[in-house]
Amino acid sequence: MAGPTPGRDFVGSGPVTAAPDGDIVTVGLRLPTFFCAPNFSFLMVADAYDAVSAVPGVARAEVTLVDHHASEEINGGVAAHAGFVGTFTGEATAELDELRHTFLTRASVAGQDRLARPRVDAGAGPDELASTTLGEIPESDELTRLRRRRAGIGLPYGDDAPLLIHPDGSPVTSEQVPLHLRRARLQRVGIETNGEYCKSLLALRYAPGAATAP
Amino acid sequence: MYEKDGEKYFVVDSHSHFWDASKENWVEGKEQYAKGWIDCFYGYHQLGPPETHWDWEKYLKVTPEDFERDMFIEGHVDYAIFQSTYLREWYKNGFNTADQNAALLERWGDKLIVNGRFDPREGDAGLKQLEADVAKYKHKGVKLYTAEWNGDSRGYKLTDPEAYRFLQAAQDLGIKNVHVHKGPTIWPLDKDAFDVADVDHAATDFQGLNFIVEHVGLPRIEDFCFMAVQEPNVYAGLSVVVGGLMHARPKFFAKVMGELLFWVGEDKMLFGGDYNIWTPKWQVEGLVDWQMPDSDGVAVSRELLAAAQARHQSLAVWLMTGADVNLVNRQAQAAGCLGVFAKPLHVPELLAVLQAWLEHRAPA
C-alpha cells in the first residue's frame, strides 16, 4: 500500500474557538470513498490530530473524519488516545506502526527518484550518482521531506548520507544504479497514481450536485 | 472486428460483469454496505468521459439488451470474459454470480466465456460446488476475491493451505486462468488482504495456472511489477487502468502504461473494460488511438543529441521503426540521426551498418 498525499481538498473548514488556555481548533477530514481502508483512515486522523495539537497556541484539537463507514469508531478512538487496536477491539490485532513504516519506506524510495531525476537528465552517470550525498544537493522542500522520512524510519539523512540507498539503508553501488533508479521511478509512479485516483474520486464525491440517490 | 486506419482488431474483453445491485437485492441490515459498494463503483464510473455517464438508478442493474448493445453492437467487443463476483453478504442473490452470467450464455454463447469462482473457506462443500460448476459451465477460468467477507472472516490468502487445495483441484479440473482481484483494502482492518505477495508464491507453485492480477494490484502497482517480472505465468489485467485513468488522468495513464510495458511487457497485458463500471466503446477506441506522449523517437533523439552536444560529447543515433521507413528516415536525418532500421530488425544489416560506422568515424 502506498497512500495518497492528502492535499487541501481533503480538509474541510472548521471553526477556531478562543479558550482561556489557548485556541480550540476543529478540523473535518474527508476521504475519497466511504470505504477507504480503516487503518489508513485512522492513521490520517491521528496524524492530523498530532499536527494540529503541536501548533503553538492550540490548546485542544478536535479532528473528525466525516462520511466514512467507521467515522464514529475512528473519531472516538483518536480523541480517547485508544490506539487502533483499542478502538477496534476484536477486529484489529496490530497497531499501525508497521503500516506507517511501509508508507515512509516507499516514500523514501520515491523521493530518491525525484531528487536524482534532474541529475540524470543533466547527464550524471552511475558512478557520479552512486557517490552523490545529500549535502551536495541544493536545499529544497523535496530534500527536506526525504530527510524527514528517512529520519522517521532510522535511515541515514545527514549531509554525508548517500542520495541513493536501499530500503535497508545500505548504499547503492554504481552497478546497481540503473535498476535502482527504475525501481525508484516505478515507486514514484505508483504513489503519484494512487494520489491522482484519490483526488479524482474525492472531487467527484464532493462536487456540487454529485450526490447519488439516498 | 473493430477497424481503424485499415487495421483490424479482434477485441477480447477479459473483464466484464452483468451485475444486480438493485435495491431489491440488498441484504436487509447490510444496506449500507450494498449501497457503499455500488456507490464506490459509481464514483469510478464517472472517471470516464461525461457523455458515457449514466443515471445512478440505471447503473444499479442493466438489462440483457443494454449489455448486448454496449458490448457487442456499439462496444467493438468480439469476445468477453465474465468475472463472477458473489458478495452474498451484501447482495441477496449475489452481486454477479456464475448463474446470472450463464443466463446470458444462452443468447450469446459464441461471444461469451463465463468464469467461475471458488472460496477456500467453503471447504469440502465448496470443492464439490467447483466440480459441479466446471462440469456444468466448462469453466476455463475462475475469479477470486481474496478480500471477500465470509462469516467472521474478512479475507484469505492464496497461500493458505485450504486455498492450495482449491488451486490444485482447479488445475486438475482443467482450469487455466485464475483472475485475482487485487484492489484497495477494505477489510480486515489491520491486514492487507489485497497484498499481492500471495500470488507470487502460488504462481511459483502452480505452473499449470495463469494468474491474472486484475487492476494490476492498484494501489500496489510497484509490488505487482516486481513480482510479474519474475513470474512467467503472471499477467496484468488492465481493467480500471484504462477506464479509470485514460480519460481522467491521461498523463498518469501514460506513466502507468510505460511502467507496465517495461516491467511486464505487451504480451502479458490483457485488455479489460470492466463493464458496467464503464462501457467498452470509448476504451477500445481510445486505446487503439493512444500514443505514448512526448516519446516520439525522432523528438527524443533530437533531445539526446542536443544534450550530448551541450556536454561536448559525440553520440551516434539510429532509429528503428515499424512505420514508413522513408518518411521516418527524412525526419531522422533532419534531427541529426544517422539512419533508420525497419522492423523487424535484420541483425546482419544492423551489424554491417555498425561495422561501417566504426571503421569510418573520425578518431576521437
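Predicted model: local features only at pLDDT ≥ 70, side-chain atom pairs only at ≥ 80, totals over all residues.
Figure 1. On the pairing side, β3(B) runs parallel to strand β4 (residues 79-82) of chain B, and three bridges join the two.

**Figure 2. The three-stranded sheet of chain B.** Here the view takes in the whole open sheet, whose three strands follow the order β3-β4-β5 (chain B) with parallel pairing. Its edges are β3 and β5 (112-114) of chain B, each of which pairs on one side only. From one strand to the next, the twist averages 20°. Three bridges also link β4(B) with β5(B), again in the parallel sense. Among the residues involved is A80(B), which has L112(B) as its bridge partner in β5(B). Lying across β4 and β5 of chain B is helix α4 (residues 98-108) of chain B, which runs at about 155° to β5(B).

**Figure 3. The five-stranded sheet of chain B.** Another open sheet in chain B has five strands, in the order β6-β7-β8-β9-β10, and its pairing is parallel. At the edges sit β6 (141-145) and β10 (269-270) of chain B, each pairing on one side only. Inside the sheet, strand β7 (residues 177-181) of chain B pairs with strand β8 (residues 210-214) of chain B in the parallel sense over five bridges. A handy landmark is V180(B), whose bridge partner in β8(B) is V213(B). Helix α7 (residues 197-205) of chain B packs on this sheet and touches β7, β8 and β9 (234-237) of chain B. The direction of this helix makes about 165° with that of β8(B).

**Figure 4. V213(B) and the largest nonpolar core.** Let us stay with V213(B) and look at its neighbours. Leaving aside residues up to four places away in sequence, V213(B) touches V180(B), K182(B), V196(B), V199(B), F224(B), V234(B), A236(B) and G237(B). The largest nonpolar core has 89 residues, and V213(B) is one of the members that touch the most other members, together with V199(B), F211(B), V256(B) and A236(B). Which helix gives the most to this core? That is helix α1 (residues 31-45) of chain B, with seven residues. Apart from this core lies another one of 25 residues, including V63(A), L99(A), F103(A) and V109(A).

**Figure 5. Where chain A meets chain B.** This view turns to the contact between the chains, to which chain A brings 31 residues and chain B brings 31 residues. On the side of chain A that touches chain B, α1 (38-53) and α7 (177-205) of chain A each supply at least two residues. Helix α7(A) gives the most to that side, with 13 residues. Sorted by class, the side of chain A that touches chain B has 16 nonpolar, 11 polar and four charged residues.

**Figure 6. Chain A and its two domains.** Chain A has seven helices and four strands. Follow the chain along its sequence and the pattern reads β-β-β-α-β-α-α-α-α-α-α. Chain A is divided into domain 1 (8-94) and domain 2 (99-195), and the C-alpha centres of these two domains of chain A lie 31 Å apart. Of the 214 residues of chain A, 36% count as buried. Among contacts in chain A between residues at least 6 apart in sequence, 66% join residues at least 24 apart.

Figure 7. Of the 364 residues of chain B, 43% count as buried. For contacts in chain B between residues at least 6 apart in sequence, 70% join residues at least 24 apart.

Technical notes. Residues numbered from 1 in each chain as written. Chains lettered and ligands numbered in written order. Contact = placed C-beta atoms within 7 Å. Nonpolar A, V, L, I, M, F, W, Y, C, P; charged D, E, K, R; others polar. Core = buried A, V, L, I, M, F, W, Y, C linked by C-beta atoms within 7 Å. Buried ≥ 20, exposed ≤ 12 C-beta atoms within 10 Å, placed from the backbone. Pairing = 2+ DSSP bridges. Axes fitted to C-alpha atoms, helices over the stretch in contact; angles between N-to-C directions. Domains from an automatic or database assignment.
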